[in-house]
Amino acid sequence: MATTLTETETVAAAAPVRMDVEDGIAIIRLNQPGKPVNVISAELVEAMHDILARLEGGGEGVRAAVIISEKKGTWIAGADIEQFKDFRTAADGEHASREGQKLLTRLERLVMPTVAAIDGAALGGGLETALACTYRIATDSSKTKLGLPEVQLGIIPGAGGTARLPRLIGLAASLDLMLTGKQLEGRRAKSAGIVDEVVPAPVLLREAKRAALDLANGKLKPSGARRRGSPKFAENLPGLRGFILRKARQGVMSKTHGLYPAPLKLLEVIDRGLDKPVDAALELEAKAFGELAVTQEARSLVHLFFASTAAKNSAPVPEGTKPKDVDHIAVVGAGFMGAGIATVSAESGITVRLKDMKHEAAAKGLRTARETLVKRARRKKLKPFQITAITDRVEATAEYTGFHTADVVVEAVFEELSLKHSVIREIEAHIGEGTVLGSNTSTIPITQLAAASSRPEHVIGLHFFSPVDKMPLLEIITHAGTADWVTATSHAYGKKIGKTPIVVNDSPGFFANRILTPYMAEAATLLEEGVSIEDLDRAMTGWGYPVGPVTLYDEVGLDVAHKAGKIMAEAFADRMTPSTVIDRMVADGRLGRKNGKGFFKYGSDGKKTEADESVYALIGVPQRKSMDRAEIQDRLGLMMVNEAVRTLEEGVLHSARDGDVGAVMGIGFPPFRGGPFWYVDTVGAANVVERLRALEQKHGKRFAPAKMLVDYAADGKKFFPEG
Ligand code: 3HC
């Protein structure tokens, strides 16, 4: 009887790599079965070794090889990050690094030329694979991204990247890539000297075969070869290399306050390895990779990678709920936020009608959006006709014309309930049955907004963060009556425009502002107690926030913070009643950076200069008081963590995972701590409860630990038991 394979068996039997010989060229095709992207896993490494053995053995008439992916959107997405979770000791990480290095050294040492034919992401170990090839061709697709993002995972490149990239493009240029994790599209990668050619995707294989033959025939030389083996000439000048490394270190310290070990280790590895033979540089790399891979910082950042990917790939809607395609949107309110929403949408292929009440305002918003689009497109080295195609996607209007075809309408008008109500009614008179009506509100409950709607099931909160083109989070807020397809469509829209969406239930402040408010209120209380502006900010940047709370007050605007604070205090009087500090500042006409008058002084260029000493008299604090930095950090940090747990307890959050993603991406909770819930797991719920109780005794009820925290402490439970 003939046996037939089931689908699962077929997948299990399929090889991750296939090699065909065509016209004397080995075409190595990557396509890992059952995986959304190609990753360097143990099975891929093994399969590649088998192929390299065949090539080394000769006998198949192969003169050159091309490595290409059959996976849409990725070439190789790097090492399998899942495997990092299994590293128990530094030796485990070091071993994995050495295995990757061994494979790529073998690839590099093949006697025949090799061409990396890259369409889609070539990141981390993916780019390292390409660097071990003789020649690299990338496509001009927007999906093609090359980079070494390892520092964002708390590690450094571990498959030869720290050794090969500086030798190819020089020290300064490679540090810029490795310290930031920046990802370059094809054309930018070419001007950086990482790839040799850029071609359209449909001709990639043909061009790669042509290049492979030309290399084999000696008709083509890789353009990077001249620099290979020696960093750029100028960087060998006495003192220059030291200068570059010192500058880079200063940059790292000022950005991270030394809280992230990976970038510092990266500088050390490169400094020590640059003059050594590649094999010795690889030794240093593997050791450092192993040490970093098991740090708490790396574990937190890996947690965030999977948490944000999961948030992006799953919406909390019943299975089978279909999102609508979002190809056309309308934005009402062409101010800073409205123009930002138009910008990110147009950049992602969506056409946008941008409306304001007056033509001038709409035109101004259009100008802002187009200027940002042009700037961003130029940075990607797009051609003029491509830039025009993107900017043409945004049109301005003072009427509701073109709204009937919109898949999503986002209102981004002034934050006032009656105004938003009348705008919602106007919009509804001009849209179709299948249009999502999103509100970009940061404080007004969606339930209240939906009350003015004739079809509340279409209404949803789309809380963007400012500046929209830079902030990665989209907080989506559903009210009790929001239809599932509306939630699914909003989530799909967020993903399409490159944001990481989290979906939360309606509640005052939603999630992000809910946890930010008590933190900010506590900062104001500390100021009132006499802690200095600088001490407060330094304590919190020292804990890992990108800016301190006092700077944040000035940035957000004291009037805005004041208004939001009042709304939140009405809902949570026991712990969010604002101190009089902000009242006094606003009464004195201090609005923060926007009017050059806040807690800080500002120069004529609008840049912050120094703390404004006159503030202390204004807020009634004649004497400064010094306070232990750890105490400031605990009062503020734990205030936020405790509030985050309350939102989960109350069902505002669907999961602790969303809370970690929202806190890190929306309000700058230190990424190396993994988010508030991961932080609790790291130090233990019992420890957090104990510290909160101590603060409660000293400062009052507002520090009372959330019930869920107390329960978790009693049961020894974790938010992420799987680690
Ligand atoms: N390892 C394991 N899983 C990975 C992965 C990786 N390197 N890259 C992506 N995935 C998984 C995602 O978790 C997701 O899983 P899911 O379907 O179960 O949710 C799936 O692949 C698809 O990913 P995305 O939803 O993110 O797909 P996109 O098309 O939006 O983006 C991508 C693709 C640009 C490749 C993006 O996934 C990405 O940036 N991946 C991480 C890249 C990275 O950091 N690489 C470096 C790894 S460390 C390394 O290489 C060390 C080396 O130096 C030794």
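## Around the ligand

A residue counts as near a molecule or strand if one of its heavy atoms lies within 4 Å of it. In this predicted model, local features need pLDDT of at least 70 and side-chain atom pairs count only at pLDDT 80 or more, while totals for chains, interfaces and linings use all residues. Residues are numbered from 1 along each chain as its sequence is written, and side-chain values use heavy atoms, with hydrogens and water left out.

With that in hand, let us look at the ligand. There are 27 residues around the ligand, and Ala79, Gly125, Glu128, Glu150 and Lys312 come nearest. By type, the shell holds 15 nonpolar, 7 polar and 5 charged residues. Here Ala, Val, Leu, Ile, Met, Phe, Trp, Tyr, Cys and Pro count as nonpolar, Asp, Glu, Lys and Arg as charged, and the others, Gly among them, as polar.

## Polar contacts and cover

A polar contact is a pair of N or O atoms within 3.5 Å; within protein, one must be able to donate a hydrogen and the other to accept it, and residues adjacent in sequence count only if both atoms are side-chain atoms. A ligand nitrogen lies 3.0 Å from a polar backbone atom of Ala77. At Ala79, a polar backbone atom is 2.8 Å from an oxygen of the ligand. Glu128 uses its side chain: one of its N or O atoms is 2.7 Å from a ligand oxygen.

The protein buries 77% of the 980 Å² that the ligand exposes when taken alone (Shrake-Rupley method, 1.4 Å probe; for residues, only the protein chains shown count as cover). Strand 6 (121-123), helix 4 (125-131) and helix 12 (296-313) are the elements that give two or more residues to the shell. Helix 12 supplies the largest share, 5 residues. Helices (H or I, at least four residues) and strands (E, at least two) are DSSP runs, numbered from the N terminus.

Strand 6 is joined to strand 8 by 3 bridges, and Ala122 stands opposite Leu146 in strand 8.

## An enclosed strand

How many residues of strand 5 are buried? The count is 5 of the 5 residues, 114-118, so strand 5 is largely enclosed by the rest of the structure (buried means under 20% relative accessible area, exposed over 50%, partly exposed in between; 1.4 Å probe, protein chains only). In a regular strand the side chains alternate between the two faces of the sheet. Thr114, Ala116 and Ile118 are buried on one side of strand 5, and Val115 and Ala117 on the other.

Strand 5 pairs in the parallel sense over 4 bridges with strand 3 (residues 64-69), where Ile68 stands opposite Ala117. Strand 5 also pairs in the parallel sense over 4 bridges with strand 7 (residues 135-139), and Ile118 stands opposite Ala138 there.

Another open sheet has 8 strands in the order 12-11-10-13-14-15-16-17, with mixed pairing. Strand 12 (394-397) and strand 17 (500-505) stand at its edges, each with a single partner strand, so one side of each lacks a neighbour in the sheet. Strand 11 (residues 351-355) runs parallel to strand 12 and is joined to it by 4 bridges; Lys355 has Thr397 as its bridge partner in strand 12.

Key
Pairing = 2+ DSSP bridges.
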